[in-house]
Amino acid sequence: MKKLLFFLFSLITLSAYAEDIVIGKKYQLESKVLNENREYWVSLPSSYRKNSHKKYPVLYFTDANLNSFFHTFSGIAKQMSADASPQIPEMIVVGIVSQNRVRDSAPTNSLVQWGGTATKALETTGGADNFLKFLQTELVPHVEQNYHTADYRVLAGYSFTGLTVIHSLYQTPEFFNAYIAIDPSLWWDNQIMLKRYSEFSKKELSKRQLFVSTSDRVPSLYPKENYVIEFIRKLETSPVKGLNVHSEVFGTDQNHHTMQIMSFYLGLKSIFSGFMIDDAIRFRPAAELKAHFESISDKLGVKLMPREGLVNFFGYNRLYDNQFPTNSAAAIDFFKLNTEYYPESYNAWDSLGEAYWYEKEYKLALDAYKKSTQLNPENSNAKEKIKQIKAQLN
């Protein structure tokens with residue numbers, strides 16, 4: 001009986017501490033363009049709920065329900081934007097569930113499958129234009145209406161849906177800012193997208209990014225000619241003005257079915273090349289951090305900023321960390337920069353007030369704490385500090 005009671009108590013104790021780990025939510029959108037309900041999944045950045053004043057770039061990718069892509073890609077995006085040396089900005093990740101993959105991905109109608117034989121399974125192909133219309137007129141506007149989004153969009157796809165990415169780049173390159181095509185099916189319809197490249201290459205774009213990947217093929221299974229490599233050659237020999245191209249051809253250690261993770265990581269890393277800061281920047285003037293993000297913002301054509309919490313970390317590191325030379329003036333510069341980046345953040349103003357308090361700059365501290373309480377009247381720390389400062393000044 002004692003063992004049974006102990007077992008039951010253990011279950012109760014464990015359940016008391018149980019908590020779900022939520023990486024995203026599923027939604028449905030009624031599409032008039034496609035005449036069907038479309039499912040999409042959303043993963044929000046870790047700071048999203050705390051920062052209603054911040055706007056985030058959005059990553060859209062297809063095949064959310066394929067091979068745990070949603071779990072993997074949203075996790076990669078979170079990890080790459082985390083810690084003290086982020087490689088990419090925090091992003092909202094939107095995974096689009098594939099329902100009729102061959103219909104939505106193919107830019108043309110063809111019955112010829114990989115290998116050259118015909119099949120009736122491809123009768124519905126040729127709906128890529130409609131799918132892009134759904135993205136551009138329904139899904140993206142819906143997401144931007146319901147979330148805090150920055151004016152920067154990335155579209156990613158793999159294999160057959162990678163074909164959609166290239167089609168989107170060709171047709172409406174201005175809609176998405178960056179494109180990730182993971183081993184796209186450029187064999188489709190007698191290499192129709194390769195034949196269309198000549199016309200596309202005449203366009204002039206504005207600060208667009210493309211990452212495309214493939215791998216060396218096994219000759220006994222695939223034709224000798226890798227059409228993605230041929231596409232990469234075209235991009236190199238007849239470059240498109242305003243399109244910054246990154247490519248990766250994996251060796252035999254990766255193949256069509258294994259390259260998704262590395263491709264997604266390298267794709268994001270290359271698109272946001274120059275975003276990453278080195279950890280030692282906290283020991284240099286805050287002006288260098290500001291200049292760094294002004295440079296990457298100009299390169300990509302969108303205002304990008306470091307995470308609020310990261311800048312705060314740099315400030316407190318210079319203010320209190322005894323492992324390194326403390327510098328309250330440098331700390332104040334970081335906190336002031338954070339109020340410049342996030343003027344609607346009560347926490348940023350609270351931290352600035354603390355640094356001024358530390359320096360006995362009581363009037364400046366009072367102004368910062370007052371600003372914090374204006375933004376958040378429930379900030380008990382700031383209200384207490386205001387009382388202390390007023391007593392000090394009297």
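Let's start with Arg103, which is buried at a relative accessible area of 18%. Buried here means under 20% relative accessible area, exposed means over 50%, and partly exposed is in between, with a 1.4 Å probe and protein chains only. A quick word on the source: this is a predicted model, where local features need pLDDT of at least 70 and side-chain atom pairs count only at pLDDT 80 or more, while totals for chains, interfaces and linings use all residues. Residues are numbered from 1 along each chain as its sequence is written, and side-chain values use heavy atoms, with hydrogens and water left out.

So, what does the side chain of Arg103 meet in a salt bridge? The partner is Glu36, at 2.7 Å from N to O. By salt bridge I mean a side-chain nitrogen of Lys or Arg within 4 Å of a carboxyl oxygen of Asp or Glu. Glu36 sits in strand E2 (residues 36-43) and Arg103 in helix H3 (residues 101-105), so this pair ties together parts 67 residues apart in sequence. Helices (H or I, at least four residues) and strands (E, at least two) are DSSP runs, numbered from the N terminus. Glu36 itself is partly exposed, at 21%.

Now look at a second pair, Arg38 and Asp104, whose side chains form a salt bridge at 2.8 Å, N to O. Arg38 is in strand E2 and Asp104 in helix H3, so here the parts tied together are 66 residues apart in sequence. Buried or exposed? Arg38 is buried, with a relative accessible area of 1%, and Asp104 is buried too, at 5%.

Asp278 is partly exposed at 37%, and so is Arg284 at 28%. In total, the structure holds 13 salt bridges.

Let's turn to the nonpolar side. A nonpolar core is a set of buried Ala, Val, Leu, Ile, Met, Phe, Trp, Tyr and Cys residues joined through side-chain atoms within 4.5 Å. The largest one has 50 residues, and Tyr60, Ile92, Leu135, Leu139 and Phe231 have the most contacts inside it. Helix H4 (residues 128-146) gives the most to this core, with 7 residues. Apart from it lies another core, of 48 residues, including Met80, Ile88, Val97 and Met305.
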